[in-house]
Amino acid sequence: MDELDLRIRNETYSSFVASGHAPEPADVAAALDLEEHEVVEAYRRLHDAHALVLEPDTTRIRMLNPFSAVETPHRVEARGRSWFANCAWDALGILGALHTDGAIRSQCPDCGESVELEVGDGELVRGAELLVHFVVPARHWWDDIAFT
Amino acid sequence: MSAATLNELARRWWWTRLEPDWRPRTAAESQAILEEVGLIGDFWRLT
């Protein structure tokens, strides 16, 4: 990951947090005084490096981990705003990345039951007793990150 | 694992994600985070 890719990655994340949606390559190019194709090419390299996740065969962003760029059952509420996460780990990770407390409303992918968590002063103040099951061994997480 | 442990993991894993000078961690650094919250053994090996 070279310096250009890092600049593009960091601007993409910054734009996402500011606006709440994934930026278009043209927007990132304009912000960084680059050509659009440079951002598109960087997105493909960043996808291969697992620094972001594109929708298959496109340059549309699906994940800016821990954030999801698409709607999911895992909703995070913090600082008066809401976000979608990719999973329970990412939902808590959104609060960690934002350095804030907040609430999580999710759904168990196994039984469909609603799940609610709340973080206060960095600690789980609601839902701490719940258990989380990891299905995929760590070395295989990126085999199919959407499934993981 | 408990949700409390997952919260601890998530905070350590994602805390620096939005820093303007973010750079990727090495596999060893990521493995260390897992170990810090007690996630050891083959299931948790990243490589």
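**Close-ups of a predicted two-chain model**

**Figure 1. Where α4(A) meets α1(B).** On the α4(A) side, the residues in contact are A88(A), W89(A), L92(A), G93(A), G96(A) and A97(A), and they meet L6(B), N7(B), L9(B), A10(B), R11(B), W13(B) and W14(B) of α1(B). Sorted by class, this contact has nine nonpolar, three polar and one charged residues. Keep in mind for this and every other panel that the model is predicted. The axes of α4(A) and helix α1 (residues 3-14) of chain B are 8 Å apart, and the two helices pack at an angle of about 55 degrees. An angle like that makes α4(A) oblique to α1(B). As for handedness, the crossing of α4(A) past α1(B) is right-handed.

**Figure 2. The contact between the two chains.** Stepping back to the whole meeting of the chains, 25 residues of chain A are in contact with 23 residues of chain B. What is the chain B side made of, by class? The side of chain B that touches chain A divides into 16 nonpolar, three polar and four charged residues.

**Figure 3. Chain B on its own.** Chain B has two helices and zero strands. Its C-alpha trace spans about 30 × 25 × 10 Å along the principal axes. Of the 47 residues in chain B, 21% are buried. How many of the ten residues of helix α2 (residues 27-36) of chain B are buried? The count is zero, so this helix is hardly covered, going by a cut-off of 20 or more other C-beta atoms within 10 Å for a buried residue. After α2(B) comes G38(B), with a positive phi near 90 degrees.

**Figure 4. α1(A) against α2(A).** Now for a helix pair within chain A. Helix α1 (residues 3-19) of chain A packs with helix α2 (residues 25-32) of chain A at an angle of about 110 degrees, and their axes are 10 Å apart. That angle is why α1(A) and α2(A) count as roughly perpendicular to each other. Their crossing, α1(A) with α2(A), is right-handed. From α1(A), the residues taking part are R7(A), I8(A), E11(A), T12(A) and S15(A); from α2(A), they are D27(A), V28(A), A31(A) and L32(A).

**Figure 5. A31(A) up close.** A31(A) sits in helix α2 of chain A. Leaving aside residues up to four places away in sequence, A31(A) touches E11(A) and S15(A). Is A31(A) exposed, partly exposed or buried? There are 16 other C-beta atoms within 10 Å, so A31(A) is partly exposed. For a sense of distance across the chain, the C-alpha atoms of A31(A) and L124(A) are separated by 38 Å, and the two residues are 93 apart along the chain.

**Figure 6. The two domains of chain A.** Chain A is divided into domain 1 (3-64) and domain 2 (68-126). Their C-alpha centres, for domain 1 of chain A and domain 2 of chain A, lie 24 Å apart. Six residues from domain 1 of chain A and five residues from domain 2 of chain A make up the contact. On the side of domain 1 of chain A that touches domain 2 of chain A, the classes are four nonpolar, one polar and one charged residues.

**Figure 7. A cis peptide bond at P66(A).** Look for P66(A) in the loop between β2 (61-64) and β3 (67-68) of chain A. The peptide bond from N65(A) to P66(A) is cis, and its omega is near 10 degrees.

Figure 8. H99(A) is in the loop between α4 (88-98) and β6 (102-107) of chain A. Although H99(A) is not a glycine, its phi is positive, at about 55 degrees. H99(A) counts as exposed because it has 11 C-beta neighbours inside 10 Å. D121(A) belongs to the loop between β7 (114-120) and β8 (123-126) of chain A. D121(A) is not a glycine either, yet it has a positive phi of about 50 degrees. With 6 C-beta neighbours inside 10 Å, D121(A) counts as exposed.

Methods: Residues are numbered from 1 along each chain as its sequence is written. Chains are lettered from A and ligands numbered from 1 in the order in which they are written. This is a predicted model: local features need pLDDT of at least 70, side-chain atom pairs count only at pLDDT 80 or more; totals for chains, interfaces and linings use all residues. Domain bounds come from an automatic or database domain assignment. Two residues are in contact if their C-beta atoms, placed from the backbone, lie within 7 Å. Ala, Val, Leu, Ile, Met, Phe, Trp, Tyr, Cys and Pro count as nonpolar, Asp, Glu, Lys and Arg as charged, and the others, Gly among them, as polar. Axes are lines fitted to C-alpha atoms, for helices over the stretch in contact, and angles run from 0 to 180 degrees between N-to-C directions. Helices (H or I, at least four residues) and strands (E, at least two) are DSSP runs, numbered from the N terminus. Angles under 35 degrees count as roughly parallel, over 145 as roughly antiparallel, 65 to 115 as roughly perpendicular and the rest as oblique. A crossing is left-handed if the near helix is turned anticlockwise from the far one by less than a right angle, and right-handed if clockwise. A residue is buried if 20 or more other C-beta atoms lie within 10 Å of its own, exposed if 12 or fewer, and partly exposed in between; C-beta atoms are placed from the backbone.
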